[in-house]
Amino acid sequence: AERLRVLVTDWKNTARIDRKTDDELWHRLSRARSSFSKRRKAHFATLEVEREEARTRKEKIVAEAESLAGSTEWANTAARFRALMAEWKAAGRAGRDVEDALWSQFRAARDVFFTARGEVVAERDAGLRDNLARKEELVAEAEALLPVTDHRSARAALRSIHDRWEAIGQTIAFLRLAWT
């Protein structure tokens with residue numbers, strides 16, 4: 001566009017030649033400028049349509065993210081947030097100001113969910129660490145039975161240790177193994 005403006009300015013500042021040739025050359029320049037302007041307008045109109053579609057898609061993504069923010073279905077909701085993030089990236093770019101505002105809303109909803117999930121996981125992990133410590137005490141108690149000299153009393157002691165082990169439940173070490 002800038003180059004065409006310079007060409008038109010140069011044309012106006014250039015000395016004229018015979019009228020017929022001058023008109024013919026001016027019409028060629030004018031047609032080229034018009035053709036460029038039409039393609040440019042069409043290009044930006046297409047971009048505007050794409051931006052509007054992206055804005056609409058992202059508004060729907062933000063609405064869903066906000067509806068999920070209070071969910072306590074940790075695994076399913078985390079997976080859905082990952083999917084929403086992929087949809088966000090695939091949606092394309094909206095206008096800069098709209099894009100930034102929608103991203104802030106999406107991120108805020110996502111942060112609410114993941115902060116709540118993090119607190120629950122931290123609380124759960126604290127209990128599981130306590131279970132691990134209690135099980136480690138049971139392991140020490142079982143190791144103290146070695147070497148076994150009285151099989152009956154050792155079997156009774158191990159049965160008691162096993163029952164208490166089962167009553168304690170899962171530990172943080174168990175979850176780490178299960179998640180890897």
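Predicted model: local features only at pLDDT ≥ 70, side-chain atom pairs only at ≥ 80, totals over all residues.
Helices here are DSSP runs of H or I with at least four residues, and strands are runs of E with at least two, both numbered from the N terminus.

Residues are numbered from 1 along each chain as its sequence is written, and side-chain values use heavy atoms, with hydrogens and water left out.

Now the helix pair. Helix 1 covers residues 2-13 and helix 2 covers residues 19-68; they pack at about 165 degrees, with axes 11 Å apart. That angle makes helix 1 roughly antiparallel to helix 2, a label for angles over 145 degrees. Axes are lines fitted to C-alpha atoms, for helices over the stretch in contact, and angles run from 0 to 180 degrees between N-to-C directions.

Which residues of helix 1 make the contact? They are Leu4, Leu7, Val8 and Trp11, against Asp22, Leu25, Trp26, Leu29, Arg33 and Phe36 of helix 2. Contact means heavy atoms within 4.5 Å.

Back to Asp22. Its relative accessibility is 13%, so Asp22 counts as buried, the cut-off being under 20% relative accessible area with a 1.4 Å probe and protein chains only. Leaving out residues up to four places away in sequence, Asp22 touches Trp11, Arg16 and Ile17.

Lys58 is buried too, at 2% relative accessible area.

Technical notes:
Parallel < 35°, antiparallel > 145°, perpendicular 65-115°, else oblique. Buried < 20%, exposed > 50% of the residue type's maximum accessible area, 1.4 Å probe, protein only.
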